[in-house]
Amino acid sequence: MSDGHGGDPGQSRTPGTTGGPRDFIIFAVAQFTTFSASWMQKTAIGWLVWDLTRSPAWVGAVALSELFAAFVVGPLSGAVTDRANPYRLIQTTQSVLIANTLLLSGLLLMGLVTPIILVAWAIFDACIQGFNQPVRTVVIGSLSPEGRTGQAIAANSVAANLGRILGPALAGIILLNGEVSHVLTLNVILFSAMLVVVLLLRRRIERPALPNEGITLFADVRSGLRYIRDDPQLRILFALVLAFSLFARPFAELFPALAGGDFGGGPGTLSLFLMAQGVGALAGALWLLHPRRGTALLRITCAAALGIGLVLVIFSVSTSLWLAAVTIALAGLFHVVCNIGMQTTVQTISVPAMRGRVVALYLLMFRAAPALGAFLLGVLAQRFGLQHLIGIAAGGFLVALGLIWPRLRRTFAL
(Lines give C-alpha, C1' and ligand atoms only; values in the text may rest on other atoms or scores of the structure.)
Protein backbone atom coordinates (compact mmCIF):
# COMPACT_ATOMS: atom_id res chain seq x y z
CA MET A 1 0.00 0.00 0.00
CA SER A 2 1.30 3.45 -0.85
CA ASP A 3 1.84 5.96 1.93
CA GLY A 4 1.10 8.91 -0.26
CA HIS A 5 4.75 9.40 -1.24
CA GLY A 6 5.15 6.51 -3.59
CA GLY A 7 7.25 4.44 -1.19
CA ASP A 8 6.85 1.48 1.11
CA PRO A 9 4.66 2.42 4.07
CA GLY A 10 7.02 0.58 6.35
CA GLN A 11 9.94 2.74 5.30
CA SER A 12 11.39 4.56 8.28
CA ARG A 13 10.90 8.28 8.24
CA THR A 14 11.90 9.05 11.81
CA PRO A 15 14.58 11.65 12.54
CA GLY A 16 18.27 10.90 12.31
CA THR A 17 19.64 7.71 13.82
CA THR A 18 18.59 6.00 17.03
CA GLY A 19 19.97 7.92 19.96
CA GLY A 20 21.68 6.61 23.07
CA PRO A 21 20.53 7.01 26.67
CA ARG A 22 22.48 10.28 27.06
CA ASP A 23 20.67 11.95 24.15
CA PHE A 24 17.30 10.77 25.39
CA ILE A 25 17.97 12.01 28.93
CA ILE A 26 19.06 15.44 27.67
CA PHE A 27 15.93 15.76 25.56
CA ALA A 28 13.74 14.53 28.44
CA VAL A 29 15.18 17.24 30.69
CA ALA A 30 14.32 19.84 28.04
CA GLN A 31 10.85 18.35 27.82
CA PHE A 32 10.54 18.72 31.60
CA THR A 33 11.39 22.43 31.48
CA THR A 34 8.96 22.95 28.58
CA PHE A 35 6.17 21.05 30.32
CA SER A 36 6.80 23.05 33.52
CA ALA A 37 6.60 26.30 31.57
CA SER A 38 3.40 25.19 29.81
CA TRP A 39 1.68 24.31 33.09
CA MET A 40 2.82 27.55 34.69
CA GLN A 41 1.31 29.44 31.79
CA LYS A 42 -1.87 27.32 31.78
CA THR A 43 -2.35 27.98 35.50
CA ALA A 44 -1.73 31.71 35.16
CA ILE A 45 -4.00 32.15 32.13
CA GLY A 46 -6.78 30.10 33.71
CA TRP A 47 -6.67 32.19 36.87
CA LEU A 48 -6.41 35.43 34.88
CA VAL A 49 -9.58 34.74 32.91
CA TRP A 50 -11.42 33.71 36.08
CA ASP A 51 -10.19 36.84 37.86
CA LEU A 52 -11.37 39.04 34.97
CA THR A 53 -14.81 37.45 34.54
CA ARG A 54 -15.73 35.18 37.49
CA SER A 55 -17.42 33.06 34.81
CA PRO A 56 -17.01 29.29 34.26
CA ALA A 57 -18.19 29.88 30.67
CA TRP A 58 -15.22 32.15 29.95
CA VAL A 59 -12.85 29.62 31.54
CA GLY A 60 -14.41 27.02 29.25
CA ALA A 61 -14.08 29.39 26.27
CA VAL A 62 -10.32 29.65 26.80
CA ALA A 63 -10.19 25.85 26.99
CA LEU A 64 -12.24 25.73 23.77
CA SER A 65 -9.38 27.49 21.98
CA GLU A 66 -7.67 24.09 21.96
CA LEU A 67 -10.61 22.67 20.00
CA PHE A 68 -10.59 25.40 17.37
CA ALA A 69 -6.82 25.23 16.92
CA ALA A 70 -6.78 21.44 16.87
CA PHE A 71 -9.28 21.24 14.03
CA VAL A 72 -7.48 23.97 12.08
CA VAL A 73 -3.92 22.62 12.36
CA GLY A 74 -4.27 19.10 13.81
CA PRO A 75 -4.70 17.17 10.55
CA LEU A 76 -2.03 19.26 8.79
CA SER A 77 0.50 18.97 11.61
CA GLY A 78 0.88 15.22 11.17
CA ALA A 79 1.60 15.54 7.46
CA VAL A 80 4.01 18.39 8.17
CA THR A 81 5.75 16.27 10.84
CA ASP A 82 6.17 13.38 8.39
CA ARG A 83 7.59 15.70 5.71
CA ALA A 84 9.57 18.31 7.63
CA ASN A 85 13.08 18.48 9.07
CA PRO A 86 12.31 17.87 12.80
CA TYR A 87 15.13 20.15 13.93
CA ARG A 88 13.83 23.10 11.90
CA LEU A 89 10.22 22.47 12.89
CA ILE A 90 10.95 22.40 16.63
CA GLN A 91 13.19 25.47 16.44
CA THR A 92 10.62 27.48 14.50
CA THR A 93 7.56 26.57 16.56
CA GLN A 94 9.36 26.93 19.90
CA SER A 95 10.59 30.39 18.90
CA VAL A 96 7.07 31.48 17.91
CA LEU A 97 5.70 30.21 21.25
CA ILE A 98 8.26 32.33 23.08
CA ALA A 99 7.38 35.39 21.00
CA ASN A 100 3.67 34.86 21.66
CA THR A 101 4.26 34.69 25.42
CA LEU A 102 6.27 37.92 25.25
CA LEU A 103 3.38 39.52 23.36
CA LEU A 104 0.88 38.63 26.10
CA SER A 105 3.27 39.87 28.76
CA GLY A 106 3.51 43.20 26.96
CA LEU A 107 -0.28 43.49 26.64
CA LEU A 108 -0.65 42.80 30.36
CA LEU A 109 1.87 45.48 31.27
CA MET A 110 -0.05 47.98 29.10
CA GLY A 111 -3.40 46.97 30.65
CA LEU A 112 -4.86 45.92 27.30
CA VAL A 113 -5.90 42.36 28.14
CA THR A 114 -9.62 41.52 27.91
CA PRO A 115 -11.37 38.12 27.92
CA ILE A 116 -11.79 38.29 24.12
CA ILE A 117 -8.09 39.09 23.63
CA LEU A 118 -7.19 36.18 25.93
CA VAL A 119 -9.30 33.79 23.87
CA ALA A 120 -7.72 35.04 20.60
CA TRP A 121 -4.25 34.75 22.11
CA ALA A 122 -5.00 31.24 23.39
CA ILE A 123 -6.23 30.14 19.93
CA PHE A 124 -3.00 31.28 18.27
CA ASP A 125 -0.87 29.69 21.01
CA ALA A 126 -2.78 26.41 20.67
CA CYS A 127 -2.27 26.48 16.88
CA ILE A 128 1.51 26.71 17.30
CA GLN A 129 1.44 24.01 19.98
CA GLY A 130 -0.42 21.87 17.46
CA PHE A 131 2.64 21.87 15.21
CA ASN A 132 5.14 21.71 18.08
CA GLN A 133 3.85 18.74 20.09
CA PRO A 134 3.64 16.00 17.41
CA VAL A 135 7.23 16.48 16.25
CA ARG A 136 8.52 16.47 19.84
CA THR A 137 6.59 13.24 20.47
CA VAL A 138 8.07 11.58 17.38
CA VAL A 139 11.58 12.71 18.37
CA ILE A 140 11.12 11.07 21.78
CA GLY A 141 10.51 7.74 20.00
CA SER A 142 13.47 8.22 17.66
CA LEU A 143 15.88 8.90 20.54
CA SER A 144 14.77 5.87 22.57
CA PRO A 145 16.66 2.55 22.40
CA GLU A 146 15.17 0.08 19.94
CA GLY A 147 12.15 -1.81 21.27
CA ARG A 148 11.72 0.56 24.24
CA THR A 149 9.11 2.94 22.82
CA GLY A 150 6.64 2.26 25.62
CA GLN A 151 9.21 2.98 28.31
CA ALA A 152 10.33 6.10 26.42
CA ILE A 153 6.74 7.36 26.38
CA ALA A 154 6.42 6.54 30.09
CA ALA A 155 9.68 8.39 30.82
CA ASN A 156 8.43 11.33 28.80
CA SER A 157 5.22 11.20 30.83
CA VAL A 158 7.30 11.32 34.03
CA ALA A 159 8.88 14.53 32.72
CA ALA A 160 5.44 15.86 31.78
CA ASN A 161 3.98 15.14 35.19
CA LEU A 162 6.95 16.47 37.11
CA GLY A 163 6.29 19.61 35.11
CA ARG A 164 2.59 19.33 36.00
CA ILE A 165 3.58 19.37 39.69
CA LEU A 166 6.31 22.01 39.57
CA GLY A 167 4.64 24.34 37.05
CA PRO A 168 1.40 25.02 38.98
CA ALA A 169 3.31 25.18 42.27
CA LEU A 170 5.64 27.87 40.91
CA ALA A 171 2.74 29.70 39.28
CA GLY A 172 0.74 29.61 42.52
CA ILE A 173 3.67 30.99 44.55
CA ILE A 174 4.28 33.75 42.02
CA LEU A 175 0.58 34.65 41.76
CA LEU A 176 0.31 34.89 45.54
CA ASN A 177 3.26 37.29 45.68
CA GLY A 178 3.39 38.87 42.23
CA GLU A 179 1.68 39.23 38.87
CA VAL A 180 0.74 37.03 35.91
CA SER A 181 3.41 38.84 33.87
CA HIS A 182 6.07 37.47 36.25
CA VAL A 183 4.88 33.93 35.49
CA LEU A 184 5.13 34.64 31.78
CA THR A 185 8.69 35.95 32.13
CA LEU A 186 9.83 32.75 33.83
CA ASN A 187 7.92 30.79 31.19
CA VAL A 188 10.02 32.39 28.43
CA ILE A 189 13.26 31.44 30.20
CA LEU A 190 12.17 27.81 30.60
CA PHE A 191 10.89 27.58 27.02
CA SER A 192 14.29 28.73 25.78
CA ALA A 193 15.94 25.61 27.23
CA MET A 194 14.36 23.51 24.45
CA LEU A 195 16.01 25.70 21.81
CA VAL A 196 19.43 25.11 23.39
CA VAL A 197 18.95 21.34 23.68
CA VAL A 198 17.64 20.91 20.14
CA LEU A 199 20.72 22.76 18.89
CA LEU A 200 22.94 20.47 21.00
CA LEU A 201 21.24 17.34 19.61
CA ARG A 202 20.96 18.64 16.07
CA ARG A 203 22.89 15.75 14.50
CA ARG A 204 20.58 13.19 16.13
CA ILE A 205 17.35 15.03 15.37
CA GLU A 206 17.94 16.61 11.99
CA ARG A 207 17.05 14.96 8.70
CA PRO A 208 16.43 16.53 5.30
CA ALA A 209 12.88 17.57 4.57
CA LEU A 210 11.22 14.96 2.35
CA PRO A 211 10.31 15.87 -1.24
CA ASN A 212 6.58 16.02 -1.88
CA GLU A 213 6.90 14.08 -5.17
CA GLY A 214 3.90 15.95 -6.56
CA ILE A 215 1.68 14.91 -3.63
CA THR A 216 -0.12 17.78 -1.91
CA LEU A 217 -0.15 18.22 1.84
CA PHE A 218 -3.90 17.64 1.88
CA ALA A 219 -3.44 14.35 0.01
CA ASP A 220 -1.03 13.29 2.76
CA VAL A 221 -3.67 14.21 5.34
CA ARG A 222 -6.32 12.13 3.53
CA SER A 223 -4.01 9.12 3.27
CA GLY A 224 -3.37 9.28 7.02
CA LEU A 225 -7.09 9.43 7.81
CA ARG A 226 -7.79 6.50 5.45
CA TYR A 227 -5.03 4.50 7.10
CA ILE A 228 -6.61 4.93 10.54
CA ARG A 229 -10.12 4.27 9.19
CA ASP A 230 -9.08 1.05 7.44
CA ASP A 231 -7.05 -0.41 10.32
CA PRO A 232 -9.49 -2.13 12.74
CA GLN A 233 -7.15 -1.90 15.72
CA LEU A 234 -6.48 1.82 15.27
CA ARG A 235 -10.17 2.47 14.59
CA ILE A 236 -11.38 1.01 17.89
CA LEU A 237 -8.47 2.56 19.82
CA PHE A 238 -9.39 5.99 18.51
CA ALA A 239 -12.99 5.40 19.58
CA LEU A 240 -11.68 4.82 23.12
CA VAL A 241 -9.47 7.92 22.90
CA LEU A 242 -12.45 10.03 21.79
CA ALA A 243 -14.74 8.82 24.59
CA PHE A 244 -12.02 9.23 27.21
CA SER A 245 -11.05 12.72 26.02
CA LEU A 246 -14.60 14.03 25.67
CA PHE A 247 -16.13 12.74 28.91
CA ALA A 248 -13.32 11.96 31.39
CA ARG A 249 -10.57 14.47 30.59
CA PRO A 250 -12.32 17.89 30.82
CA PHE A 251 -12.21 18.10 34.63
CA ALA A 252 -8.61 19.36 34.54
CA GLU A 253 -9.40 22.23 32.16
CA LEU A 254 -12.07 23.45 34.61
CA PHE A 255 -9.86 23.56 37.72
CA PRO A 256 -9.86 27.42 37.84
CA ALA A 257 -13.69 27.51 37.94
CA LEU A 258 -13.86 24.60 40.41
CA ALA A 259 -11.25 26.14 42.72
CA GLY A 260 -12.70 29.64 42.66
CA GLY A 261 -16.38 28.72 42.36
CA ASP A 262 -17.48 25.39 43.80
CA PHE A 263 -14.76 25.36 46.50
CA GLY A 264 -14.60 29.14 47.08
CA GLY A 265 -10.81 29.26 47.05
CA GLY A 266 -8.07 31.25 45.33
CA PRO A 267 -4.75 30.59 43.54
CA GLY A 268 -3.69 28.31 46.40
CA THR A 269 -6.69 26.03 45.90
CA LEU A 270 -6.06 25.98 42.15
CA SER A 271 -2.42 25.02 42.74
CA LEU A 272 -3.51 22.30 45.20
CA PHE A 273 -5.78 20.72 42.58
CA LEU A 274 -3.15 20.91 39.84
CA MET A 275 -0.43 19.55 42.09
CA ALA A 276 -2.67 16.71 43.32
CA GLN A 277 -3.35 15.70 39.75
CA GLY A 278 0.36 15.95 38.96
CA VAL A 279 1.39 13.77 41.92
CA GLY A 280 -1.08 11.07 40.92
CA ALA A 281 -0.01 11.27 37.28
CA LEU A 282 3.66 11.04 38.24
CA ALA A 283 2.96 7.90 40.30
CA GLY A 284 1.19 6.33 37.31
CA ALA A 285 4.01 7.21 34.91
CA LEU A 286 6.68 5.84 37.25
CA TRP A 287 4.72 2.60 37.63
CA LEU A 288 4.58 2.17 33.85
CA LEU A 289 8.34 2.60 33.49
CA HIS A 290 8.43 -1.15 34.08
CA PRO A 291 7.90 -2.61 30.58
CA ARG A 292 4.40 -3.90 29.84
CA ARG A 293 3.50 -4.81 26.31
CA GLY A 294 0.72 -6.06 24.10
CA THR A 295 -2.48 -7.25 25.70
CA ALA A 296 -1.16 -6.73 29.26
CA LEU A 297 -0.75 -3.01 28.62
CA LEU A 298 -4.19 -2.77 27.02
CA ARG A 299 -5.85 -4.53 29.93
CA ILE A 300 -4.17 -2.10 32.34
CA THR A 301 -5.33 0.79 30.14
CA CYS A 302 -8.95 -0.38 30.25
CA ALA A 303 -8.80 -0.89 34.02
CA ALA A 304 -7.46 2.65 34.43
CA ALA A 305 -10.28 3.95 32.20
CA LEU A 306 -12.79 2.31 34.53
CA GLY A 307 -10.93 3.77 37.52
CA ILE A 308 -11.00 7.38 36.34
CA GLY A 309 -14.72 7.20 35.66
CA LEU A 310 -15.43 5.94 39.17
CA VAL A 311 -13.20 8.40 41.05
CA LEU A 312 -14.62 11.36 39.13
CA VAL A 313 -18.10 10.31 40.22
CA ILE A 314 -16.83 10.32 43.82
CA PHE A 315 -15.20 13.74 43.27
CA SER A 316 -18.50 15.14 42.03
CA VAL A 317 -20.14 14.56 45.43
CA SER A 318 -17.13 15.48 47.61
CA THR A 319 -17.71 18.31 50.08
CA SER A 320 -14.27 18.20 51.71
CA LEU A 321 -11.43 20.03 49.95
CA TRP A 322 -8.93 17.34 50.96
CA LEU A 323 -11.16 14.47 49.84
CA ALA A 324 -11.54 16.28 46.53
CA ALA A 325 -7.74 16.58 46.30
CA VAL A 326 -7.33 12.84 46.94
CA THR A 327 -9.85 11.92 44.23
CA ILE A 328 -8.11 14.34 41.83
CA ALA A 329 -4.79 12.62 42.59
CA LEU A 330 -6.34 9.23 41.79
CA ALA A 331 -7.89 10.66 38.63
CA GLY A 332 -4.45 11.95 37.65
CA LEU A 333 -2.96 8.48 38.15
CA PHE A 334 -5.63 6.75 36.05
CA HIS A 335 -5.48 9.50 33.44
CA VAL A 336 -1.77 9.13 32.78
CA VAL A 337 -1.94 5.32 32.71
CA CYS A 338 -4.68 5.57 30.07
CA ASN A 339 -2.69 8.10 28.08
CA ILE A 340 0.54 6.11 28.12
CA GLY A 341 -1.25 2.87 27.31
CA MET A 342 -3.22 4.31 24.40
CA GLN A 343 -0.35 6.37 23.01
CA THR A 344 2.14 3.49 23.24
CA THR A 345 -0.24 1.12 21.47
CA VAL A 346 -1.07 3.67 18.77
CA GLN A 347 2.62 4.31 18.06
CA THR A 348 3.75 0.68 18.13
CA ILE A 349 1.04 -0.65 15.78
CA SER A 350 1.44 2.20 13.26
CA VAL A 351 3.84 1.83 10.34
CA PRO A 352 6.72 4.36 10.52
CA ALA A 353 5.67 6.15 7.34
CA MET A 354 2.32 7.05 8.91
CA ARG A 355 3.44 7.58 12.49
CA GLY A 356 3.58 11.37 12.40
CA ARG A 357 0.03 11.58 11.06
CA VAL A 358 -1.30 8.99 13.50
CA VAL A 359 0.37 10.70 16.48
CA ALA A 360 -0.91 14.09 15.32
CA LEU A 361 -4.50 12.82 15.13
CA TYR A 362 -4.12 11.21 18.55
CA LEU A 363 -2.89 14.51 20.01
CA LEU A 364 -5.64 16.39 18.18
CA MET A 365 -8.31 14.27 19.83
CA PHE A 366 -6.50 14.34 23.17
CA ARG A 367 -6.47 18.17 23.06
CA ALA A 368 -9.65 19.03 21.18
CA ALA A 369 -12.21 16.72 22.80
CA PRO A 370 -11.40 17.85 26.39
CA ALA A 371 -11.64 21.48 25.22
CA LEU A 372 -15.11 20.83 23.77
CA GLY A 373 -16.19 18.97 26.90
CA ALA A 374 -14.86 21.75 29.16
CA PHE A 375 -16.68 24.41 27.16
CA LEU A 376 -20.00 22.55 27.26
CA LEU A 377 -19.67 21.88 30.98
CA GLY A 378 -18.70 25.51 31.58
CA VAL A 379 -21.80 26.74 29.74
CA LEU A 380 -24.10 24.31 31.57
CA ALA A 381 -22.49 25.36 34.86
CA GLN A 382 -24.19 28.74 34.50
CA ARG A 383 -27.39 26.94 35.55
CA PHE A 384 -26.19 23.70 37.18
CA GLY A 385 -23.37 22.88 39.62
CA LEU A 386 -20.08 22.33 37.78
CA GLN A 387 -18.88 19.71 40.27
CA HIS A 388 -22.00 17.58 39.74
CA LEU A 389 -21.78 18.00 35.95
CA ILE A 390 -18.29 16.45 36.01
CA GLY A 391 -19.78 13.38 37.73
CA ILE A 392 -22.51 13.14 35.07
CA ALA A 393 -19.89 13.35 32.31
CA ALA A 394 -17.86 10.62 34.05
CA GLY A 395 -20.97 8.43 34.14
CA GLY A 396 -21.34 9.01 30.40
CA PHE A 397 -17.77 7.82 29.91
CA LEU A 398 -18.45 4.62 31.87
CA VAL A 399 -21.40 3.92 29.57
CA ALA A 400 -19.23 4.54 26.48
CA LEU A 401 -16.50 2.28 27.90
CA GLY A 402 -19.06 -0.51 28.34
CA LEU A 403 -20.07 -0.18 24.69
CA ILE A 404 -16.47 -0.09 23.39
CA TRP A 405 -15.06 -2.93 25.51
CA PRO A 406 -16.57 -5.91 23.61
CA ARG A 407 -15.18 -4.70 20.26
CA LEU A 408 -11.82 -3.86 21.82
CA ARG A 409 -11.61 -7.32 23.40
CA ARG A 410 -12.38 -9.06 20.09
CA THR A 411 -10.05 -6.90 17.99
CA PHE A 412 -7.02 -7.34 20.25
CA ALA A 413 -7.93 -10.85 21.52
CA LEU A 414 -7.87 -9.66 25.14
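Where is the place of Gln-41? Gln-41 sits in helix H1, residues 21-53; helices are DSSP runs (H or I, at least four residues), numbered from the N terminus. The model is predicted, so to speak of local features takes pLDDT of at least 70 and side-chain atom pairs count only at pLDDT 80 or more, while totals for chains, interfaces and linings use all residues. Residues are numbered from 1 along each chain as its sequence is written, and side-chain values use heavy atoms, leaving out hydrogens and water.

**View 1. Gln-41 and its contacts.** Gln-41 has 6% relative accessibility, so it counts as buried (under 20% relative accessible area, 1.4 Å probe, protein chains only). Its side chain makes a polar contact of 3.0 Å with that of Thr-101 (a pair of N or O atoms within 3.5 Å, one able to donate a hydrogen and the other to accept it; residues adjacent in sequence count only if both atoms are side-chain atoms). Leaving aside residues up to four places away in sequence, Gln-41 also touches Trp-121, Asp-125, Val-183, Leu-184 and Asn-187, among others (heavy atoms within 4.5 Å).

**View 2. Leu-330 in helix H13.** Helix H13 covers residues 321-349. Leu-330 comes out at 37% relative accessibility, so it's partly exposed (between 20% and 50%).

**View 3. Phe-251 with Phe-255.** Five aromatic pairs turn up in the structure (ring centres within 6.5 Å, with Trp represented by its six-membered ring). In this one, the centres are 5.6 Å apart and the planes are at 75°, so it's edge-to-face (over 60 degrees). Phe-251 and Phe-255 are both buried.

Conventions
Helices (H or I, at least four residues) and strands (E, at least two) are DSSP runs, numbered from the N terminus. Rings of Phe, Tyr and Trp (its six-membered ring) pair if their centres lie within 6.5 Å; planes under 30 degrees apart count as stacked, over 60 as edge-to-face and the rest as tilted.
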